[in-house]
Structure formats: structure tokens, C-alpha cells
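The sequence and structure are shown first.

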Amino acid sequence: MMNGYGKSDNIIVPKKEPNETWRGEEALEGRVLAKGNPSKCTACRTQIRDTMPGALERIREAAMRRTGERFTALYHHVYAINHLREAFYGISRKASPGIDGRTWKEYEGDLEKNLEDLSARLKRGAYRARLVRRSHVPKAGGSSRPIGLPVLEDKLVQRTVVMVLQEIYEQDFLGFSYGFRPRRSPHGALDALYAGITRNRVNWVLDADISGYFDTLAHEWLIKFIEHRIADCRIVRLIRKWLKAGVLEDGKRICRKVGTVQGGSISPLLGNIYLHYVFDLWSNQWREKEAKGNMIIIRYADDIVMGFQYREEAEQMLIQLKERFERFGLQLNPHKTRLIEFGRFAAKDRAKRQAGKPETFDFLGFTHICGKTRKGKFTILRKTMRKRWQAKLKEVYCELRKRMHDLIPKQGAYLRTVLLGYLRYYAVPMNRPSVKAFSQAVQRLWWKILKRRSQKHNLSWGRMRRLIAKWIPPVRIYHPYPLARFGVIPKARAV
């Protein structure tokens with residue numbers, strides 16, 4: 001980057017500071033270093049830095065040190081061969097190809113040559129984004145979710161850009177944002193929600209759902225938000241190319257000025273950046289200046305849950321949230337956005353009014369219920385959502401019908417993989433009855449399928465028990481209690 005000091009590898013807009021330890025005028029002008037300037041600033045500097053380790057670490061350190069300043073020289077990290085190679089091996093090997101039909105294995109066959117060609121095209125500005133092939137994946141409620149399938153090279157470059165930008169935005173994102181971030185998971189958001197409601201005086205819960213979030217992101221607003229932190233016009237130009245590339249659906253090309261295709265490597269990061277400026281910063285400021293009682297915020301991608309001590313503040317937030325979202329092209333789903341009475345005092349207060357049991361809400365696949373421990377203390381019961389439970393069981397049954405005449409070891413290996421994945425997500429404390437019922441339902445389906453392999457089956461339940469013991473994993477709780485895991489996270493940063 002060229003600046004007032006000459007050619008250097010600075011990645012932010014520089015401020016004039018005397019005797020700065022990481023760039024000294026004396027070193028660039030060939031003079032002897034002044035006292036206090038370390039000799040490391042005379043190290044060899046290049047634009048690509050293929051052989052210099054820790055480039056991403058330096059970006060992260062600069063983002064931490066200089067919050068609010070704009071990064072001006074990031075593009076050379078995108079076309080660096082080592083970063084492209086790392087991004088390539090981070091792509092799923094079994095992902096469906098895009099419109100060009102190029103698979104991961106085909107690209108790996110001549111990897112170094114392909115990466116050198118891609119790097120050269122990126123460097124000279126000859127890279128072009130391709131159309132995204134769109135398919136539809138069924139959802140638990142019976143509807144479908146549109147998923148984009150970019151070509152392999154688009155996914156590769158997007159993943160490289162994410163590797164670079166993530167180092168910057170991870171220093172900016174707030175603690176109550178959990179979706180699609182490194183070292184964060186849905187269970188972290190669930191634990192934060194549990195801790196926030198049980199540790200604070202939360203009496204009302206606002207469960208907000210955004211209608212078609214990824215399909216309604218305004219491109220111009222998104223670019224403005226990115227330019228708050230990124231001043232490298234080549235990075236911004238890349239993002240514009242992906243947004244304007246369009247999708248191919250039923251043989252027709254569709255181009256829109258809103259929305260980002262789900263399925264691309266960069267879509268989750270763009271979604272987080274958009275809501276960081278539209279919701280996170282605004283709601284955090286609202287909590288600090290407007291809320292008089294306790295207030296908690298948890299966001300996982302476009303799923304938002306907020307807790308309030310006072311109903312008046314919750315209603316005020318709902319009204320202002322609608323106005324805020326409409327300003328930036330987003331809308332709350334009126335059928336899924338609800339304000340309910342929930343918390344440690346909800347059951348008692350509703351009993352006085354003869355209003356029945358406290359209502360429940362769904363978040364990240366679990367139904368949250370006001371409950372009590374064996375000692376009579378308030379707790380939150382988390383039960384697998386009924387729709388998710390039924391949809392997964394239906395999926396397993398359909399797959400077993402396809403595999404009806406496979407060898408029993410192949411069927412058993414498939415069911416073992418499915419159940420282990422299910423248990424590792426849903427086997428949380430106090431949800432054992434639900435996951436046990438699911439396991440038993442899968443066992444009955446397997447027995448039913450095996451009996452249909454022949455009109456004269458002789459599969460007794462005794463033999464079936466032996467197959468179950470061999471292939472079906474035992475039901476156990478895979479996650480600790482929320483407060484045991486969440487206790488090591490600073491509460492102010494997490495909720």
C-alpha cells in the first residue's frame with residue numbers, strides 16, 4: 001500500500017505517530033534507527049507474503065489494536081497461494097457441483113496448477129463470478145429452503161475472503177451473537193439463554209423471527225456496512241460480483257437487488273455483518289440507554305430471543321424493532337414473532353390471574369418450558385421440538401425403505417451414524433425422555449423394515465435385541481448443565 005511513509009505492508013489507514021514500533025521513517029529512508037525503535041521494522045516486506053507465516057494473525061492484532069479504522073490493503077491475502085490452498089481443503093469434498101459440474105476431486109487432480117491460474121486471474125482482475133445453481137431442501141414444517149450451489153472456484157475464493165474478513169469482524173461482533181462464528185455453537189447460545197433467564201429477573205420473552213432473512217438483504221446497505229471497516233475496493237468489488245451474479249433456477253437466470261444466496265461460503269458472514277449494524281449495535285445501545293430493568297439478548301444468525309424484566313419495555317422494543325427492520329428492508333414474521341410471559345415468576349403470576357401455565361417458545365430446535373427441579377427451584381426444560389422429532393423420524397424411515405435389502409451391517413452402520421449425530425445435538429440435560437423415545441422409535445422402524453424383507457420372516461424380538469445392542473448407541477446425555485459450561489464465559493459479553 002502506498003502512503004505517506006512510502007511502500008509498506010500496512011493494512012490500515014495510518015495515523016501519524018512518533019517512533020511507532022512497527023513502522024519507522026528512519027528504516028524506510030535508510031537512516032540509523034532512533035533509540036526506542038526496534039530493528040524488526042527493517043524486515044523484508046512483500047505484498048503476497050506467501051512465505052511469511054502469521055499474516056492472518058497480524059490482521060487480527062491490527063483489528064484489535066485499532067478498532068474503528070478501515071483496512072486498505074487486504075486483497076493480496078486473497079490471491080496468496082497458501083491461503084487459497086488452505087481454503088480449498090476446508091471445502092466439503094462431497095458438496096454438489098455448480099453449473100460447471102466441476103467436483104472437488106477433479107480440481108484436486110491438478111491442484112497447484114489450478115491454484116496458480118486462479119491466483120493469477122484474481123491478481124490481474126480477470127476473475128468472474130459464475131451463476132449459482134439453486135435447489136430446494138425440504139424443511140421440517142413442510143415448506144422448502146432455497147439453497148445455492150456455487151461453482152467450486154467461487155466457493156474457494158469466497159472461503160478465502162471469509163478467512164481474511166473474519167479476523168477483522170470477530171473483533172467487532174458482540175458477545176451475544178453466536179451464529180456461524182468460530183469457537184461458537186448453537187449450544188453456546190442455548191446455554192447463554194438459559195443462564196440469562198435463570199440469573200436475571202426476566203419475566204417476558206420476545207421471540208423474534210425475520211421473514212426470509214437471507215432473501216431480503218439490501219445489497220446497497222450491505223456494501224455500506226462493509227465499507228465502514230473495509231476500504232480495499234478490490235475486496236468490495238469481489239463481494240459485489242457475488243451479490244450480482246444471479247441464480248439459475250429451472251433454466252432461467254434470476255438477478256435481484258436484494259438477498260444473498262444461502263449455500264455460499266460467504267453468505268453467513270455477510271448475514272452477520274448486516275445484523276451487526278442493523279440489530280446488534282442498536283439493541284445493545286437500547287439496552288444501555290432505554291431499558292430500566294434487566295434485559296438479555298441472544299442472537300443466532302437470524303433467530304433472536306430477548307428477555308425483559310418489564311412488559312412495557314418489551315412492548316416498546318417490539319414496536320421500535322419493527323420500525324428499525326423496515327428501515328433496512330427487513331420484516332418480522334407476524335406468525336412467529338411472539339411476546340410471552342416466561343421466567344421464574346411466570347407460573348406464580350399467571351396462577352394468580354388464573355391464566356393457566358406459562359407459554360413456551362422454540363429456539364434452535366428446542367421447545368423451552370418453565371419447569372422446576374426436584375428441589376422445587378425454577379429451571380428451564382428444553383425438549384426437542386415436535387416438528388423436528390417427527391421430521392427426522394420420517395427421514396430415517398424413508399431412507400430405511402431405500403436400504404431395505406442392504407446387508408444388515410450396512411443398515412446398522414447407517415442408523416448408528418444417524419443416532420450419534422442426533423444424540424450429540426439433542427441429548428442435553430433434562431431432554432433424556434425425548435431422545436430415548438426417538439431411539440426406541442428408530443429401533444421399531446428398523447424391526448418393521450427387516451420383517452418386510454421376506455413374507456416368511458423369522459426375526460424374533462430376541463434376535464432384534466442383539467442387533468440393537470450391536471449397532472444402536474446407548475442413550476446418554478452428551479452435554480453438561482448450562483451453568484456448568486456457561487460459567488466460564490463473562491456474562492456481560494455473552495448475553
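Of the 495 residues in the protein chain, 49% are buried. The model is a predicted one, and its secondary structure comprises 19 helices and 13 strands. Among contacts between residues at least 6 apart in sequence, 69% join residues at least 24 apart. The chain exposes about 25,700 Å², of which carbon and sulfur atoms supply 51%.

## Confidence

Mean pLDDT for the protein chain is 86, and 87% of its residues reach 70 or more. Over residues 1-53, however, pLDDT stays under 50, and the model has 96 contacts beyond four places in sequence for this segment. Where pLDDT is low, the predicted coordinates should not be read in detail.

## Helix H9

Helix H9 covers residues 219-227, and its buried residues are His219, Leu222, Ile223, Phe225 and Ile226. Viewed down the axis of H9, these buried residues fall within an arc of 160°, so they line one face of the helix. Their cover includes helix H7 (152-169), helix H10 (233-244) and helix H11 (267-289).

## Helix H10

In H10, the buried residues include Ile235, Val236, Leu238, Ile239, Trp242 and Leu243. Because they fall within an arc of 155° when seen down the axis of H10, they line one face of the helix. An α-helix has 3.6 residues a turn, so residues three or four places apart point the same way. The buried residues of H10 pack against helix H3 (75-78), helix H6 (111-124), H7, H9 and H11.

The 12 residues of H10 reach 16 Å from the first C-alpha to the last, close to the 16 Å expected at 1.5 Å a residue. At the start of H10, a side-chain oxygen of Asp232 comes to within 3.1 Å of the backbone nitrogen of Arg234. Following H10 is Gly246, with a positive phi near 85°.

## Helix H14

Helix H14 (residues 386-402) has 17 residues, which should span 24 Å at 1.5 Å a residue; the end C-alpha atoms are 25 Å apart, which agrees. Leu393, Val396 and Leu400 are the buried residues of H14. Seen down the helix axis, they fall within an arc of 60°, so they line one face of H14.

Lys387, Lys394 and Lys402 are exposed on the other side of H14. Among the elements that cover its buried residues are helix H15 (408-426) and helix H16 (432-451).

Key: Residues numbered from 1 in each chain as written. Predicted model: local features only at pLDDT ≥ 70, side-chain atom pairs only at ≥ 80, totals over all residues. Heavy atoms only, no water. Buried < 20%, exposed > 50% of the residue type's maximum accessible area, 1.4 Å probe, protein only. Helix = DSSP H or I, 4+ residues; strand = E, 2+ residues; numbered from the N terminus. Arc of directions from axis to C-beta. Contact = heavy atoms within 4.5 Å. Expected span 1.5 Å × (residues − 1). Polar contact = N/O pair within 3.5 Å; in protein donor to acceptor, adjacent residues only side chain to side chain. Areas by Shrake-Rupley, 256 points an atom, 1.4 Å probe, with all protein chains shown as cover. pLDDT = per-residue confidence, 0-100.
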